[in-house]
Amino acid sequence: QVQLVEFGGGLVQPGGSLNLSCAVSGFIWGINTMAWYRQAPGFKRELVAHMNSGGATIYADSVKGRFTISRGNAKNTVTLQMNSLKPEDTAVYYCYIQESVLATHTYDHWGQGTQVTVSS
């Protein structure tokens with residue numbers, strides 16, 4: 001059974017940095033897409049950053065130039081480096097992976113979420 005485990009959330013002052021990591025446990029055939037989403041209280045879950053299998057990335061306008069998504073050094077890990085954090089970045093951050101099975105089926109996997117709070 002595939003599980004995504006997230007690390008790195010916490011409390012940080014405005015202007016600070018955090019690095020989120022997401023590790024895949026269990027057997028996975030292949031990965032089409034790796035992404036980070038976030039959800040603040042009273043708001044819908046939104047895409048923060050997205051990376052396809054070719055390494056192309058997409059960012060939400062609100063985080064461009066501040067956040068960077070990348071593959072981790074370990075296999076099947078994804079990180080989100082967050083710099084110049086703002087109070088409006090406060091949310092629960094979710095890791096997402098789309099698994100590709102033999103190029104015929106895809107499955108969505110979500111992490112449990114990690115809280116990021118930006119406050120002085």
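Some ground rules. The model is predicted, so local features need pLDDT of at least 70, side-chain atom pairs count only at pLDDT 80 or more, and totals for chains, interfaces and linings use all residues. Residues are numbered from 1 along each chain as its sequence is written, and side-chain values use heavy atoms, with hydrogens and water left out.

Strand names next. Strands (E, at least two residues) are DSSP runs, numbered from the N terminus. Two strands pair if DSSP finds at least two bridges between them.

Let's start with the open sheet. What is the order of its 4 strands? The order is E1-E3-E8-E7, and the pairing is antiparallel. Strand E1, residues 3-7, and E7 stand at the edges. Each has a single partner strand, so one side of each has no neighbour in the sheet. From one strand to the next, the twist averages 15°. That angle uses axes, which are lines fitted to C-alpha atoms, and runs from 0 to 180 degrees between N-to-C directions.

Now E8, residues 77-82. Here 5 of the 6 residues are buried, so E8 is largely enclosed by the rest of the structure. Buried means under 20% relative accessible area, exposed means over 50%, and partly exposed is in between, with a 1.4 Å probe and protein chains only.

E8 pairs with two strands of that sheet. On E3, residues 18-25, there are 6 bridges to E8, running antiparallel. Take two residue pairs there. Ala23 has Thr77 in E8 as its bridge partner. Leu20 has Leu80. With E7, residues 67-71, E8 makes 5 bridges, also antiparallel. Arg71 stands opposite Val78 in E8. The E7 and E8 hairpin has 5 residues between the strands, and Asn76 takes a positive phi near 60° there.

On to E11, residues 114-118. In general, side chains in a regular strand alternate between the two faces of the sheet. In E11, the covered face holds Thr114, Val116 and Val118. Gln115 and Thr117 are on the uncovered face. E11 pairs with E2, residues 10-12, in the parallel sense over 3 bridges. Leu11 has Thr117 as its bridge partner in E11. E9, residues 91-101, runs antiparallel to E11, and 3 bridges join them. There, Val92 has Gln115 as its bridge partner.

Let me zoom in on Thr114, in strand E11. Is Thr114 buried or exposed? Thr114 is buried, with a relative accessible area of 13%. A polar atom of the Thr114 side chain lies 3.4 Å from the backbone nitrogen of Gly9. Leaving aside neighbours within four places in sequence, Thr114 is in contact with Glu6, Gly9, Leu20, Ala91, Val92 and Tyr93. Contact means heavy atoms within 4.5 Å.

Next, the core. A nonpolar core is a set of buried Ala, Val, Leu, Ile, Met, Phe, Trp, Tyr and Cys residues, joined through side-chain atoms within 4.5 Å. The largest one has 29 residues. Which of them touch the most other members? Trp36, Val48, Phe67, Ile69, Leu80, Met82 and Tyr93 do. At least two residues of this core come from each of E3, strand E4 (31-39), strand E5 (46-52), E7, E8, E9 and E11.

Last, the charges. Side chains of opposite charge can pair when their charged atoms come close. A salt bridge here is a side-chain nitrogen of Lys or Arg within 4 Å of a carboxyl oxygen of Asp or Glu. How many does the structure hold? There are 4.

Glu46 bridges to Arg38, with the closest N and O atoms 2.7 Å apart. Glu46 is partly exposed, at 36% relative accessible area. Arg38 counts as buried, at 5% relative accessibility.

Arg38 also meets Asp89, at 3.0 Å, N to O. That pair links distant parts of the chain: Asp89 is in the loop between E8 and E9, Arg38 is in strand E4, and they are 51 residues apart. Asp89 counts as buried, at 0% relative accessibility.

Asp89 then meets Arg66, at 2.8 Å, N to O. Arg66 lies in the loop between strand E6 (57-59) and E7, so this pair ties together parts 23 residues apart in sequence. Both Asp89 and Arg66 are buried. Through shared partners, salt bridges join Arg38, Glu46, Arg66 and Asp89 into one network.

Terms used:
A polar contact is a pair of N or O atoms within 3.5 Å; within protein, one must be able to donate a hydrogen and the other to accept it, and residues adjacent in sequence count only if both atoms are side-chain atoms.
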